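The sequence and structure are shown first.

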Amino acid sequence: MLEIKNLHVKLADEDKAIIKGLTLTVPKGEVHAIMGPNGSGKSTLAYVLAGRADYEVTNGDILWNGESIIEMEPDERAAKGVFLAFQYPMEIPGVAGLTFLRTATNSVRKKRGQTELTTPEFLKVVKDRASKLNIDFDMLKRPVNVGFSGGEKKRSEILQMAMLEPSLCVLDETDSGLDIDALKVVSDGVNALRSPDRAMLVITHYQRLLNHIVPDKVHVLAEGRIQKTGGKELALELEQSGYAEFQGKAA
Amino acid sequence: MNVAVMKTKFEQSLTEQFNHVSARLPGGAAVGVARKAALGRFSALGLPNRRIEEWKYTDLRNALKEPLAVAVDDDTKVTVADLIVALGPLAHLEGPRIVFVNGGWRRELSNLEGAEGIEVAALGATLTAAQDKIGEALAGTTGPDNDAVLALNTAYMTDGAVVRVGDGVEVGKPLLLVFMRAGNEGRFVATRNVVSIGKGAAATIVEAFIGLPGSTAEGQHNSATEILVGDNARVTHVKIAADTGKATHLSNWMVGLGAETVYRGFQLNQGLGLARNQIFATYHGEGAKLDLSGLFLGRGTEHIDTTLVVDHAVPRCESRELYKGVLDGEARGIFQGKVIVRPDAQKTDGKQMAQVLMLSPDAEFDSKPELEIYADDVVCGHGSTAAELDTDLLFYLRARGIPLDTARSMLIESFVGEALDRIEHEGVREVVLEFARGWLANLGR
Ligand SMILES: Nc1ncnc2c1ncn2[C@@H]1O[C@H](COP(=O)(O)OP(=O)(O)O)[C@@H](O)[C@H]1O
Ligand SMILES: [Mg+2]
């Protein structure tokens, strides 16, 4: 279970508060969506969950399976099952996709006390999971994300997620830049990972993705806190009414 | 004589030791004359210092304080097993090898089997046998005559490799020239290689400067390689200088390129207290391609200098330089790349780049590109960068569960990879990567 308690976050090297008292609980087996206007702090929340050093938690706590993670290094969190699919996946020139995937997979496996995959074992798994996501295997021989289209980058994030087998999946605007076919492939990939042992937090700006990844709950994030929580029908309402009613409120 | 400056202890010692060792240095009368003349040049010039423009970042007079005994007829015991240990990743490189310990040829450690189409001999023996023929050649060497380091080399050279590849001969396996430092006392060692590659020939030559583990960390190696590449030949020339962090490495490559040749030179520097790598490349024929690249890895107070002079003396030639450096601690890296385009050298195409990754705020990188262009129809460019590891990329890797050390190594490897890729011979490229990985594995945080 993910428990975010009265979280306050500011930029690490500036006095700018972004998240201002956010409380949220996602039980295992559930998919929660976070929707909100641009600049409301959705990506910041995602980064803080993953442990990015640009942000500082000034108050509150984040518990994953009852354990506070806010002091943990990003790789430690990954080993504990936290995975963030980036809104803007980064290009890593000079590091081949397969090397990256194998190093990542075996790093978390080792930390989780699982046996590391041999090269043939790893290749078999990667080939299988890549093909399900319509990812051309040759693409993985290229440097990570370099020269990939927006859609290719997002599919490559989901492949990483499939390989790392996380228990907390945070997807930040995974739908942006995807055409309708790619959206289907990515959603199928995400849905395949739905399980009673996994919690998922799906951040999106549009309702469209939630037709494919149907959430148990929808939260509206604006001005750095959760303004409203509802069922999946809330996403449809927001599509009609927009976020205006949640903005401009005093924090 | 109007010697204005007092000789330093080092200069004095290296001038005086000549009287004690000259009788034991190889070569006949003409070689003796060339040595004496070179010693005279060294004595007059003194060690280069910061008042000489080309040496302003590497003041040898200041840095080389303690003189060491000149190595002659060294008999430090070194076994084949020792050699294998010292070679490290190079032990697996397949191909003929000639081995020198403290500047002396060791027949029993060398293995020239399979050196088909390639003639390899020890310089010491050649100088003695060929008497004055090679002495004259050395007197007319292709290097600059005002270089005190090269002058010291000519004065004191004890041995080295004489390599000849015949016209049209394509040598598959790389030839390895090993220069090992061993023993409990630091020595001043001077070695010289003379390489000639025939017309239309192809060869890969690797020079390795290594220390025997367990030996003193001290040592001063002065090395020079003259390489003449015949028309249409293709050469890969690699230097691996990988020591334990204290030794001094002074090196000169004098490269002469025939028409339509392709010459690729690569130099790895790591674990060197003080290094100065000079390359003087001159085009003798049109249509030649020169590709110089290198990797320098520095930590502690190491000081690594690469200074290139590329002389486009004829038209239609290409030059590429790509150097990468990784500097930690208070290490200092220097890159000086001078490209001269003579008035006749139209259609010259030159590109130069030096990039350094700074792992510490106390590291320093000085880059001095210099273009001297006297022709009008040329394309020449240069650039240099110094950057830190990208913290966003580090976060991305770590968010995927990759521990900090591994993530750093991956990013550093990817940074240096572009330079390593310039090494055409796969086996040699792997060896260089292994050395670099060994260095990375000891990265202090
Ligand atoms: N690293 C950063 N540096 C400066 N400003 C930032 C940084 N991260 C977020 N912000 C600011 O914080 C606010 C929330 O940003 P973000 O979390 O990206 O919003 P969202 O993902 O909801 O669009 C915005 O005003 C944004 O400009
Ligand atoms: Mg965002």
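## Salt bridges across the interface

Four salt bridges are found across the interface of chain B and chain A, a salt bridge being a side-chain nitrogen of Lys or Arg within 4 Å of a carboxyl oxygen of Asp or Glu. The model is predicted, so local features need pLDDT of at least 70 and side-chain atom pairs count only at pLDDT 80 or more, while totals for chains, interfaces and linings use all residues. Residues are numbered from 1 along each chain as its sequence is written, chains are lettered from A and ligands numbered from 1 in the order in which they are written, and side-chain values use heavy atoms, with hydrogens and water left out.

A:R52 pairs with B:D392 in a salt bridge whose closest N and O atoms are 2.9 Å apart. A:R52 counts as buried at 11% relative accessibility, whereas B:D392 counts as partly exposed at 30%; buried means under 20% relative accessible area, exposed over 50%, and partly exposed in between (1.4 Å probe, protein chains only). A second salt bridge links A:E73 to B:R398, again with 2.9 Å between the closest N and O atoms. A:E73 lies in the loop between β5 (67-68) and α2 (74-79) of chain A and B:R398 in helix α8 of chain B, so this pair joins two chains. Here A:E73 is partly exposed, with a relative accessible area of 40%, and B:R398 is buried, with 12%. A network of salt bridges links A:E73, A:D75, A:K111 and B:R398.

## Extent of the interface

The contact (heavy atoms within 4.5 Å) takes 32 residues from chain A and 16 residues from chain B. About 1800 Å² is buried between the chains, and carbon and sulfur atoms give 68% of this area. Buried area is the accessible area (1.4 Å probe) that two parts lose on being put together, summed over both. B:F395, B:Y396 and B:R400 supply 42% of the area that chain B buries against chain A, more than any other three residues.

Ten residue pairs between the chains are in polar contact, both residues being at pLDDT 80 or more. A polar contact is a pair of N or O atoms within 3.5 Å; within protein, one must be able to donate a hydrogen and the other to accept it, and residues adjacent in sequence count only if both atoms are side-chain atoms. On the side of chain B that touches chain A, α8 (391-399) and α9 (404-420) each supply at least two residues. The largest share of that side, seven residues, comes from α8(B).

## Helix α8 of chain B

Helices (H or I, at least four residues) and strands (E, at least two) are DSSP runs, numbered from the N terminus. Seven of the nine residues of α8(B) are buried, so the helix is largely enclosed by the rest of the structure. Among the buried residues are B:F395, B:Y396 and B:R398. At the start of α8(B), a side-chain oxygen of B:D390 comes within 2.8 Å of the backbone nitrogen of B:D392. After the helix comes B:G401, whose phi is positive, near 90 degrees.

## A salt bridge within chain B

B:K324 and B:E418 meet through their side chains in a salt bridge (3.0 Å, N to O). B:K324 lies in strand β16 (residues 318-327) and B:E418 in helix α9 of chain B, so the pair ties together parts that are 94 residues apart in sequence. B:K324 is buried, with a relative accessible area of 3%, whereas B:E418 counts as partly exposed at 44%.

## Magnesium site and A:S40

The protein donors of the magnesium ion (ligand 2) are A:S43 (OG) and A:Q87 (OE1), at 2.1 to 2.2 Å from the ion. Donors are N, O and S atoms within 2.8 Å of the metal (3.2 Å for Na, K and Ca); water is not among the atoms, so sites may look incomplete. A:S43 and A:Q87 are both buried.

A:S40 is located in the loop between β3 (31-35) and α1 of chain A and is buried, with a relative accessible area of 4%. The C-alpha atoms of A:S40 and A:L221 are separated by 6.4 Å, although these residues are 181 residues apart along the chain. A polar atom of the A:S40 side chain lies 3.4 Å from the backbone oxygen of A:L221.
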